[in-house]
Amino acid sequence: MSIASQITRISDDRDTIRAKAVELGIADSTANLDELATAIEGIVDRGAVQAQVQVGDTYTIPKGYHNGSGTVSGVQGDGQFKLQSKTVTPTKAQQNVTPDSGYYGMDSVTVNPIPPSYQDISGTTAAAADVLTGKSFVNSAGQTTAGTMPNNGAQNLTIDGLTVTEVAIPAGYTSGGTASLTDDIENALAEI
């Protein structure tokens, strides 16, 4: 074989190796033989990789050469996966409800009612004097507070226009009523 035919053979072999190295993503299309040799030496022999995954898990296949006899399989269970039940109480912060170690997933999650202390009361403006005595309310600090406003019931007041010209309406709540003028002025005028 001539030197020229040997150079052609080596160039053709380099091109074949380069094309495969480019396909595998370990060299670029201008790599020379030294660069190709370095790239090929960097391939890790992974042999026969064995892995098991649980439902919902993933397995990242390692980069390198695999001889084709490895397997990745799911964990046996015939549908009898160990599931967990949990009960949670809402909080003001987000919660992530996940199974504990040893469980494959959640069977159920029970969410308790919102605790009274977490209800939004930021807009509360009432004070004790605004709420009737014997009633209570939750103030803007979240504390149950007793009302202090007196309940005066129905108010039926009279003035005579002579000796009683005004009456005081007591502070507090009234359920209504009347303020009336007696006939004392008419009687006094009739006697004149």
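Author: Residues are numbered from 1 along each chain as its sequence is written, and side-chain values use heavy atoms, leaving out hydrogens and water. In this predicted model, local features need pLDDT of at least 70 and side-chain atom pairs pLDDT 80 or more, while totals for chains, interfaces and linings use all residues.

Reader: Why is T145 called buried?
Author: Buried means under 20% relative accessible area, exposed over 50%, partly exposed in between (1.4 Å probe, protein chains only). T145 has 19% relative accessibility, so T145 counts as buried.

Reader: Why is N139 called buried?
Author: The relative accessible area of N139 is 16%, so N139 is buried.

Reader: What makes the link between T145 and N139 a polar contact?
Author: A polar contact is a pair of N or O atoms within 3.5 Å; within protein, one must be able to donate a hydrogen and the other to accept it, and residues adjacent in sequence count only if both atoms are side-chain atoms. The side chains of T145 and N139 are joined at 3.3 Å.

Reader: Why does L83 count as partly exposed?
Author: L83 has 42% relative accessibility, so L83 is partly exposed.

Reader: What makes K82 sit over the ring of Y103?
Author: A charge sits over a ring if NZ of Lys or CZ of Arg is within 6 Å of the ring centre and within 35 degrees of the ring normal. The charged end of K82 is 4.9 Å from the centre of the Y103 ring and sits over that ring.

Reader: What is the lining of the largest pocket by class?
Author: Ala, Val, Leu, Ile, Met, Phe, Trp, Tyr, Cys and Pro count as nonpolar, Asp, Glu, Lys and Arg as charged, and the others, Gly among them, as polar. The lining has 6 nonpolar, 2 polar and 1 charged residues. Lining residues have an atom within 4 Å of a pocket point; among them are L24, K63 and Y65.

Conventions
1 Å grid on protein atoms, 1.4 Å probe; cavity = no way out; pocket = protein on both sides within 12 Å on 5 of 7 lines; lining within 4 Å.
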